[in-house]
Amino acid sequence: MEPVEKQEKLEKPHRVRMTPGARRVLEAAERLFYEHGIHAVGVDLIAAEAGVTKKTLYDRFGSKEQIVVEYLAGRDERWRELLAGRLEAASGQPPAARVLAVFEASRAWAAEYGAKGCSMINAHAEISDPAHPAYPVITGQKRWMLDLFTRLARETGAVGEVGATGAAGADRLARTLMLLHEGALVTHGLGVFPDPFGQALDQARDLLGIGAAAGRDTPLR
């Protein structure tokens, strides 16, 4: 399988050089943005939490918008790194197992880093203007995920319950897997019911035609 980081070359957002002061600002901003929302957090609070002056903050980032870019791009990079490790670990397994590895990776990420749901989805609820510098980071990450599911679905050769065959069937399967994945992310953040990723995994197994063989009662790592 083509390495995850090489699957799609999206235009990279402008990034800033991380000095010690900038890193403290970003660490504070990440915590505050994720916990309280982007619009609810001002630069005064970020600077105070980071122990720097507003002048230092603006000297390093130029604007709050750039801090948002760094926040989202940084989380995206860490997610892709975790996912790449999971997919590499599944590289010797059947193609369908690599599809399930994406859901397992998201389950692990959500348990450690995503108590309030997907940071991209949450940010999109606040940032709907395509002119915002963080907007391409948000939509680009989701397009990248769909591209990943499409590649993995084509490798499996499965069409499951979606009905079509060939590339069209694989593309449709990928969209269905994407909907399951994103729905699990949202439901996890809302806390509507426990372990939505487990439910999504069961549905993904059914779509891939491996429900019985996968042992749905076996705990996933």
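What you see is a predicted model, in which local features need pLDDT of at least 70 and side-chain atom pairs count only at pLDDT 80 or more, while totals for chains, interfaces and linings use all residues. Residues are numbered from 1 along each chain as its sequence is written, and side-chain values use heavy atoms, with hydrogens and water left out.

One of these salt bridges joins Glu77 to Arg15, with the closest N and O atoms 2.7 Å apart. Glu77 lies in helix α4 (residues 64-89) and Arg15 in the segment before α1 (20-36), so this pair ties together parts that are 62 residues apart in sequence. Helices here are DSSP runs of H or I with at least four residues, and strands are runs of E with at least two, numbered from the N terminus. Both partners are partly exposed, since the relative accessible area is 46% for Glu77 and 31% for Arg15; the scheme calls a residue buried under 20%, exposed over 50% and partly exposed in between, with a 1.4 Å probe and protein chains only. Arg15 and Glu77 also belong, together with Glu70, to a network of salt bridges.

A second pair to look at is Asp171 with Arg154, where the closest N and O atoms are 2.8 Å apart. This pair again links distant parts of the chain, with Asp171 in helix α8 and Arg154 in helix α7 (residues 135-156), 17 residues apart. Arg154 is partly exposed, at 49% relative accessibility.

Which residue forms a salt bridge with Arg205? The partner is Asp202, and the closest N and O atoms are 2.9 Å apart. Because Arg205 and Asp202 are 3 residues apart in helix α9, about one helical turn separates them. Arg205 is buried, with a relative accessible area of 3%.

Now to the chain as a whole. The secondary structure comes to 10 helices and 0 strands, and of the 221 residues in the protein chain, 46% are buried.

As an example of helix packing, take α6 (residues 119-126) and α7, which pack at an angle of about 135° with their axes 10 Å apart. The axes are lines fitted to C-alpha atoms, for helices over the stretch in contact, and angles run from 0 to 180 degrees between N-to-C directions. The two helices, α6 and α7, are therefore oblique to each other, given that angles under 35 degrees count as roughly parallel, over 145 as roughly antiparallel, 65 to 115 as roughly perpendicular and the rest as oblique.

Finally, the loop between α8 (166-190) and α9 (196-208) holds Val192, which counts as exposed at 55% relative accessibility. Val192 forms a nonpolar surface patch with Val186, Leu190 and Phe193, and together they have about 370 Å² of accessible area. Asp195 is found in the loop between α8 and α9 as well; the phi of Asp195 is near 50°, a positive value in a residue other than glycine, and Asp195 is partly exposed, with a relative accessible area of 39%. For the patch, residues need over 30% relative accessible area and no salt bridge, with like charges joined within 9 Å and nonpolar side chains (Val, Leu, Ile, Met, Phe, Trp, Tyr) within 5 Å. Accessible areas come from the Shrake-Rupley method with a 1.4 Å probe, and for residues only the protein chains shown count as cover.

How values were computed
Salt bridge = Lys/Arg side-chain N within 4 Å of Asp/Glu carboxyl O.
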